[in-house]
Amino acid sequence: MRRLLNRRRRSAAALVAAVVSGTVLTALPASAAIGGSGVGDPYFPDDGNSGYDVSHYDVRIAYDPARTDHLDGDTTVTARALTGLDRFSLDLKGFTVASVTVDGTPVKAFSRSGSHELVITPARPVVKGTTFAVRVKYAGKPDAEGWHTLKTGGAYVAGEPHAATSWYPADDHPSDKATFALTATVPDGWTAVGNGLPGQVTVKDGRKTFRWFEDKPLATYLSTVAIDRFTVHRGKTGAGTPVITAYSPDAVVDPDAEAEQTDILDFLAAKFGPYPFSSAGAIVVGATKEPTNGPIALETQSRPTYSGMLFDASVVHENTHQWFGDSVSFKDWRDGCAAECFAQYAGQLWEEHKGADLDRDYYRSEIENYRDDPSFWSTRLYDPGPGKELDSALYFKGSLMLHALRRTVGDEAFFRTLRAWTRDHAYGNASFRQFEALAAKVSGKDLKGFFGAWVDGTVIPPAKYLYPGSLGSPTG
């Protein structure tokens, strides 16, 4: 079933490393280098930054819904230097930066470059291998690429590939994942919801401060905050994972859909392995002030964001991403199939769970619909091309490809491959090319021709790859 989605492009960042103690900055060796902007992604060459690995974000914001053009931010980025650094960059769109420190010492200089670079020269160079903390204080209007205001007066963050740098400085590429802490201060009567588990809530001078912490590495495009007069419901999955679901005042609260959300999480865990995060649930927002191109659904880590209401197609899709895309993130933006192909096919698995015959009612029907449509087959599933990183082919052609793979290798090998993938690459990054190799290893089959036709091909696959196993023949 097609995913209803408006993927607003945003600055996506992903970060990985272990949180270590602060470093002492000393003289830079002659061999030191300068951290540059961009990590070399072939689709988004300016995204991310070289020279360091982020291990943790501590994002502190204050926001008053009565003043939607202003956010106060105070973010500390903890990172490990991969080389000596006498200068480095963070990604941040807009805002006026008031101050920058490295390990508590004011920097020598900071400046803005391009559309989203904050270039920082520390007081002393950072030595290779040491861990350092960069604190940035800033204020201004959040960028609309990721920050969306609601008709209720609230706001939320969602967007792909970019959103994070609309509200905090980051190393903005999915290849660099980090743990994430959020402290959000809002007027009393409002609620702030984020990723992970909630912490202590405090009230002072008519303002309420909410704390959230995601203890598993997170790609920055998956980070979020939502601020509204939320109604918050709590439950648990069958395995005991807390399920926290927040509804905007003008969102639909459907107890049956909420109960089904838990059923879906349990179903997906049975297919893919244990749920990967410390909490689950949803952020269900209402109408936005800005015009949109349709309903929004995004796999913000541990707590997907939806517009309007929960319904099973989106809940299956976004929660499948918790395994495929969030826990196991792609290496670069050529790898969208490693997230979207699986999330879309999971919708078919859910329909099968409810009694559908996927061979007859889904696969053969779709093949007949698109057999004579060259445009349907023309996009590659790996490396579809710049501007096509979230092309519809990844959803629809990609879902068909996975069903054909399942019929090629058999159910036992297919689902064993999925569980091995989510286990072996948990909380890291992996390319779809690695999935191809894993599928061949687990099944013991030579799959080069299959993946060559389906993933790299730009025409309808030959019959032997189009109708494997029980799929029979075009008339079968």
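Let's start with the disulfide: C337 is joined to C341, with the sulfurs 2.0 Å apart. Keep in mind that this is a predicted model.

How many disulfides does the count give? The count comes to one.

Now, where do the two cysteines sit? Look at helix α3, residues 337-353. C337 and C341 are four residues apart in that helix, so about one helical turn separates them.

Next, the handedness. The torsion about the S-S bond of C337 and C341 is about -115°. The disulfide is therefore left-handed.

Are these cysteines buried or exposed? The cut-off for buried is under 20% relative accessible area. C337 has 1% relative accessibility, so C337 counts as buried. C341 has a relative accessible area of 0%, so C341 is buried too.

On to the sheet. Please find four strands in the order β9-β10-β16-β12. The sheet is open, and the pairing is antiparallel. Which strands form the edges? They are β9, residues 147-149, and β12, residues 191-194. Each of these edge strands pairs on one side only. On average, neighbouring strands in this sheet are turned by 20° against each other, ignoring direction.

Strand β9 pairs with β10, residues 155-157. The two run antiparallel, and three bridges join them. Which residue of β10 stands opposite W147? That residue is V157.

To recap: one disulfide, between C337 and C341 in helix α3.

Key
Residues are numbered from 1 along each chain as its sequence is written. This is a predicted model: local features need pLDDT of at least 70, side-chain atom pairs count only at pLDDT 80 or more; totals for chains, interfaces and linings use all residues. Side-chain values use heavy atoms; hydrogens and water are left out. A disulfide is a pair of cysteine sulfur atoms within 2.5 Å. Buried means under 20% relative accessible area, exposed over 50%, partly exposed in between (1.4 Å probe, protein chains only). Two strands pair if DSSP finds at least two bridges between them. Axes are lines fitted to C-alpha atoms, for helices over the stretch in contact, and angles run from 0 to 180 degrees between N-to-C directions.
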